[in-house]
Amino acid sequence: MSTLRCDKCSGYYCFAGNWDESKAPENCPMLLYPEVFACARDRSLEEKVRELNVPAAMVEKEGFAKIDGKNAPCYPRIREIVEFAKKTGRTHIGLAFCKSSSSEAKMIGEIFDSFGLDVDAVLCKCGGISKNEVGIPEEYKVRGAGAFEASCNPVTQAELFNKLGTDINVLVGLCLGHDMLFIKHCDALVTTLIVKDKVTGNNPQAALYNIFAKRAYFKP
Ligand code: SF4
């Protein structure tokens with residue numbers, strides 16, 4: 001049963017800075033767990049949190065330009081990653097990419113190089129291990145039973161970066177589930193630059209606004 005439902009909030013009072021108990025919806029985390037907020041506020045002042053939280057806010061602010069007096073975004077996500085890396089002194093980047101995003105990985109690597117970041121990049125299929133060897137049933141091969149298909153290897157990607165001591169690992173188009181395994185096994189911070197979504201050209205938000213996708217994919 002659901003407990004916390006900010007997604008159903010009609011006021012976003014925390015965002016507006018005018019939260020109080022009388023307005024809070026019954027599933028409001030601030031209402032239900034005040035002790036967690038008190039603890040989290042204290043922890044936000046700890047150096048290990050501040051050293052990431054503050055630069056993140058700085059990059060957010062710098063990523064807006066004023067146009068006609070209004071905030072207009074001027075940093076794409078990739079530039080935000082560069083600026084965050086430089087601000088935090090975390091300049092050794094691990095690029096974990098999917099074969100289907102290999103063209104993009106080349107571009108991303110070149111952009112990071114051009115900003116003076118130190119890049120290591122590992123393809124998802126690194127190791128070339130057959131899906132048979134890791135227990136994936138024959139009928140779940142994409143090209144059909146009997147074909148050679150290399151298994152994705154997210155734990156290897158993570159372990160290679162752990163060995164090299166990367167500072168930030170950047171996820172580029174890894175499959176659902178493989179991305180989770182990669183994140184789970186990384187020692188370094190992980191951020192996502194490209195989310196794999198084959199139907200929308202790696203833009204999962206687009207499916208929410210596409211009436212055809214809604215009809216086809218979202219009927220329970
Ligand atoms: S924390 Fe409370 S006020 Fe803020 S969005 Fe969630 S439910 Fe709404």
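Tutor: Let's start on the inside: Ala105, Ile108 and Phe112 are the buried residues of α6. They cover an arc of only 65° around the axis, which puts them on the same side of the helix. There's a handy bit of background here: an α-helix has 3.6 residues a turn, so residues three or four places apart point the same way. Keep in mind that this is a predicted model.

What do those buried residues pack against? Their partners are α5 (77-88) and the strands β3 (92-97), β4 (118-123), β5 (168-172) and β6 (189-194).

The face of α6 turned away from the buried side carries Ser103, Lys106, Met107, Glu110, Asp113 and Ser114, which are exposed. Pick one of them, Lys106, which sits in α6. Why does Lys106 count as exposed? Lys106 has 12 other C-beta atoms within 10 Å, and a residue is called exposed if that count is 12 or fewer, so Lys106 falls in the exposed class.

Next, check the length. Helix α6 runs over residues 102-114, which makes 13 residues.

As a rule, most residues other than glycine have a negative phi. With that in mind, look at two residues elsewhere in the chain. Asp68 isn't a glycine, yet its phi is positive, about 50°. Asp68 lies in the loop between β1 (64-67) and β2 (70-73), and it counts as exposed because it has 5 C-beta neighbours inside 10 Å. Asn202 isn't a glycine either, and its phi is also positive, about 65°. Asn202 is in the loop between β6 and α9 (205-208). With 18 other C-beta atoms within 10 Å, Asn202 is partly exposed.

So, back to your helix: α6 has Ala105, Ile108 and Phe112 buried, while the face turned away from them carries exposed residues, including Lys106 and Glu110.

Terms used:
Residues are numbered from 1 along each chain as its sequence is written. This is a predicted model: local features need pLDDT of at least 70, side-chain atom pairs count only at pLDDT 80 or more; totals for chains, interfaces and linings use all residues. Helices (H or I, at least four residues) and strands (E, at least two) are DSSP runs, numbered from the N terminus. The expected span of a helix is 1.5 Å times one less than its number of residues. A residue is buried if 20 or more other C-beta atoms lie within 10 Å of its own, exposed if 12 or fewer, and partly exposed in between; C-beta atoms are placed from the backbone. The arc is that of the directions from the helix axis to the C-beta atoms. Two residues are in contact if their C-beta atoms, placed from the backbone, lie within 7 Å.
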